[in-house]
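User: Hi! I am new to reading protein models. Could you walk me through this one with some questions and answers?

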Amino acid sequence: MASFSFGTGNAAKLLRIPLYALGRLGTLLVPRGRRWVFGCGAGIGDGALALQRHAAALGHDTLWLTADDREARDAGALGIRTVPRSGLRGWWATARAGVVVVTHGLGDVNRYANGGAFVVQLWHGIPLKRIGLDSPATTQVPPVPGAPLLRRLIGVLYRATAQRIRVLPAASDRARGRLESAFGLGDDRVVVTGEPRVDVLSAGTEAERRAAARAVLVGAAGELPPAARVLLYAPTWRDGAPDPSVPTAQEWIEVVRLLERHDAVLLVRSHPLGAGSYAPPLPTARVRMLPSAVLPDVTPALAAVDVLVTDYSSLAYDVGLLRMPVAFLAPDAEEYARTRGFYGRYADVATTGAAEGWQALLSELDALLGDPAAFADAATRSATLSAEMHAFRDGENTRRVYRAIRSRGVPAPKGAA
C-alpha cells in the first residue's frame, strides 16, 4: 500500500501551523551567518550534493541536515559535516544559515527555521507531470467538513512558502516556464543555468562515465554479468494511489524469458513514495531491486544503463543526454492526465506511443534489444527529446548555479579575496 499522499501530508502541515509561527518568530530574533546548509528529500545526492561539493571546494562553510542515521553515515563517508534536521540542533543550524539549499521542499532542512534565509530550490527533475500550483494534487486534503476552505488555505500557504525562494535553476527556457507557473515565481528567480544534478551525465568521456556508473550499480545491485545489457524500470509516484503496472505472475515469467533471450538484467526502481511489490514469484538473477533505500540518487548510475522503461518520470528527459532509448509503460495515461495533468501533451514525449500493458512493452523491448536499427532510432528520439529540454550539456551547470547565487548578494567564503 502507498506510504504517503498529498492529502495526509497537507493535513499534517495544517496541524503544524502553530509550530511554523513559533519558528518564524524565533528566526526574527536569531541573526543569520554565512554558512550554507543543505538538505535533500532523496538522501545524500541529487543537485544538493553537487552544489555542496562545489561550494565547499571554494571555501564556504557547509553543513548537511540529515533525516536519519543512514543519511548521516552516507554524508560522513564523503567527509560532509552533518546534524539531524529535526530537533533543536537542526532548528538552530537552519536559523543561523545564510543560504539554505533544498531539492524537494523546505522540509529538506528544518521546516520551522527557514524564514529570512536565502533559499535555493534546486528541484529534482524537469516537470513532465504537473507540479506545485499547477496540479490539483498539491492542495488535496482529507474528505472532512470544510475541505474546500482547507484546500484554499493550503494553496495560499504553498504560494507564500514558494515566495521565499531566491534562486530556482531551470534546465532550459521551456522548463523555466513550467517552474515559474508551478511555484508562482518570476524570471528574476527562475534562472536558466542547467541543473546541477545532471552534470554527472555530461562530465568526462563516455568511457569514464560508464565505468563510474557501473561501479555505482555494482555497489547497489551486486555484480552484473560483464556483457549483459541493463534495463532500468522506474515507475513514478501516483499521489498515494496503487501502481497499476505491477506484473502478474505470468507476466513476470515472460519478462524473465525476454531477459534471458537477450542476456539482459532488469533493475526495478519503484518510487520511494509509491506502492506495489515488484518481486518476481520465483528467484532470478535477471531481476534486481534498486530501491532508494539502497541507492538514494540513481542519476550517477544512469550511464551504465542501456534502456530506460518508465511512465511519467523526468528521467525520460535526462537519459537523452546519454542517447539512451526510452520505452514507456503507462496503462493509466488517460486517468493520470485527467487527475494530475501534464505539461504539454504526453504523446509529444512518448512519441511512438506508450504500452498499456506488459505484453506490448515486451514486444517493444524485444525489438529494441534484437534490432540495432530499432535501438539507434530510439536513441535518436531520446536525444532529440532531451535537446528540447536541456539547454546545457557541458557539465558546468553547478558552476552556473553558484554564480547565480553569488550574483544576488551572497558573500564570498570568509577570508576569500
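**Strands, helices and surface**

Analyst: Happy to! Let us begin with strand S2 (residues 62-66), which is mostly covered, as five of its five residues are buried. Buried means under 20% relative accessible area, exposed over 50%, and partly exposed in between (1.4 Å probe, protein chains only). Helices (H or I, at least four residues) and strands (E, at least two) are DSSP runs, numbered from the N terminus. This is a predicted model, where local features need pLDDT of at least 70, side-chain atom pairs count only at pLDDT 80 or more, and totals for chains, interfaces and linings use all residues. Residues are numbered from 1 along each chain as its sequence is written, and side-chain values use heavy atoms, with hydrogens and water left out.

User: Which residues of S2 are buried on each side?

Analyst: In a regular strand the side chains alternate between the two faces of the sheet. Both faces of S2 are covered. One side holds the buried Thr-62, Trp-64 and Thr-66, and the other holds the buried Leu-63 and Leu-65.

User: Which residue stands opposite Trp-64 of S2?

Analyst: S1 is joined to S2 by three bridges, and these strands run parallel. Together, S1, H3 and S2 make a right-handed β-α-β unit. The residue opposite Trp-64 is Phe-38.

User: Which residue in S6 is the bridge partner of Val-119?

Analyst: Strand S6 (residues 165-170) is mostly covered, with five of its six residues buried. Two bridges link it to strand S5 (residues 118-121), and S5 and S6 run parallel. The chain goes from S5 through helix H6 (residues 147-162) to S6, a right-handed β-α-β crossover. In S6, the partner of Val-119 is Ile-165.

User: And which residue in S7 is the bridge partner of Pro-169?

Analyst: S6 and strand S7 (residues 190-192) run parallel, joined by three bridges. Here the β-α-β crossover passes through helix H7 (residues 173-183) and is right-handed. The partner of Pro-169 in S7 is Val-191.

User: Why is helix H14 described as largely enclosed?

Analyst: What covers its buried residues includes strand S1 (36-38), helix H3 (46-57), S5, S6 and S7. Among the buried residues of H14 are Arg-400, Val-401 and Tyr-402. Helix H14 (residues 397-406) is largely enclosed by the rest of the structure because its buried residues number seven of the ten.

User: Is Leu-29 buried or exposed?

Analyst: Leu-29 sits in helix H2 (residues 17-29). Its relative accessibility is 68%, so Leu-29 counts as exposed.

User: How far apart in space are Thr-248 and Arg-176?

Analyst: Thr-248 lies in the loop between strand S8 (229-234) and helix H9 (249-261). With 43% relative accessibility, Thr-248 counts as partly exposed. Thr-248 and Arg-176 are 72 residues apart in sequence, and their C-alpha to C-alpha distance in space is 40 Å.

Methods: Two strands pair if DSSP finds at least two bridges between them. A crossover is right-handed if, with the strands pointing away from the viewer, the path from the first strand over the helix to the second runs clockwise. Contact means heavy atoms within 4.5 Å.
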